[in-house]
Amino acid sequence: ADGHAARPRPVVSGFLHHLGLLVGVVCLFAAGLRVVPGQGLVRAVGAAALAAAFAVVEALGLGLVALGGSPVALVAAAFVTWLAARLWLPARPPISRDLTQWAKTLDPPSLTAVGAVTGLWGAWTAWLFLHPALGHDMVLYHLPEAIQWVHSGHPGAIDPIIVDLPVGNYPITHEVLLEWGMAIGHSFVWAVAVTALMPVLVAAAAWLGLRALGVDRLVRALAAAALTCVPAVVASQSGGAS
């Protein structure tokens, strides 16, 4: 009976950890929306990049005092970042209004294409959660390095993951981002979510960059599609969230 009574506790703990992860993501994204210039899709993409930067900087900073693996400290830092942006920066329109206005500028074929791509991405994301193929390198050292930091509380530290191969000296920004979310969620959900979101960010950034250069809409769409279909980006079985 005692064993049966103890079973719900991990479920409740898991729910609270993932709720904390959601709160952290929302806080950092909202802070990014206050900081980044532009409107519509430009603002959303910029806010996503800034939110990731905030997470990495906060994890590295807390790691200096061995708190880089603390869910409470990481969520608190995200909340403070949002609060500082809210208090010190001018208010901006809701991102939903920006995206709605952007969608209204699209003609029916373009809007249909956006809806189709969104549906495909949703299906692929669901497939990733059911079959999390994170890739050879991801399993070999990206995730083990992040897990080591979760336990040690020192993200960014150089740890001997593989003998005779100094993977701990490789660029570590992505691993720190993985550590941030896994430390809060206490699961691999964040690693799967980041893998699913990366191609969307790549495609949107490619579209916006080419638009700024005056490239034709059809060429922009083909270029963004070609970039995201490169195996290193979309084939998670190969290199993970490249």
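**Exercise 1. Classify the residues that line the largest pocket: how many are nonpolar, polar and charged?**

Solution. Sort by class: Ala, Val, Leu, Ile, Met, Phe, Trp, Tyr, Cys and Pro are nonpolar, Asp, Glu, Lys and Arg charged, the others, Gly among them, polar. The lining divides into 41 nonpolar, five polar and two charged residues. The model is predicted: local features need pLDDT of at least 70, side-chain atom pairs pLDDT 80 or more, while totals for chains, interfaces and linings use all residues. Numbering runs from 1 along each chain as its sequence is written, and side-chain values use heavy atoms, without hydrogens and water.

**Exercise 2. Find which helix gives the most to the lining of the largest pocket.**

Solution. Start at the centre: among the 48 lining residues, L197, P199, V200, L201 and A204 lie nearest it. Next, list the elements that give two or more residues; they include helix 8 (173-185), helix 9 (189-212) and helix 10 (217-228). Helix 9 gives the most, with ten residues.

**Exercise 3. Describe helix 10: which residues are buried, and which are exposed on the other side?**

Solution. Apply the cut-offs: buried is under 20% relative accessible area, exposed over 50% (1.4 Å probe, protein chains only). R220, A224 and T228 are buried. Finish at the N-terminal end: D216 caps helix 10, with a side-chain oxygen 3.1 Å from the backbone nitrogen of L218.

Technical notes:
On a 1 Å grid over the protein atoms alone, a cavity is a set of points where a 1.4 Å probe fits but cannot get out, and a pocket is an open set with protein on both sides within 12 Å along at least five of seven lines; lining residues have an atom within 4 Å of a point. Helices (H or I, at least four residues) and strands (E, at least two) are DSSP runs, numbered from the N terminus. A polar contact is a pair of N or O atoms within 3.5 Å; within protein, one must be able to donate a hydrogen and the other to accept it, and residues adjacent in sequence count only if both atoms are side-chain atoms.
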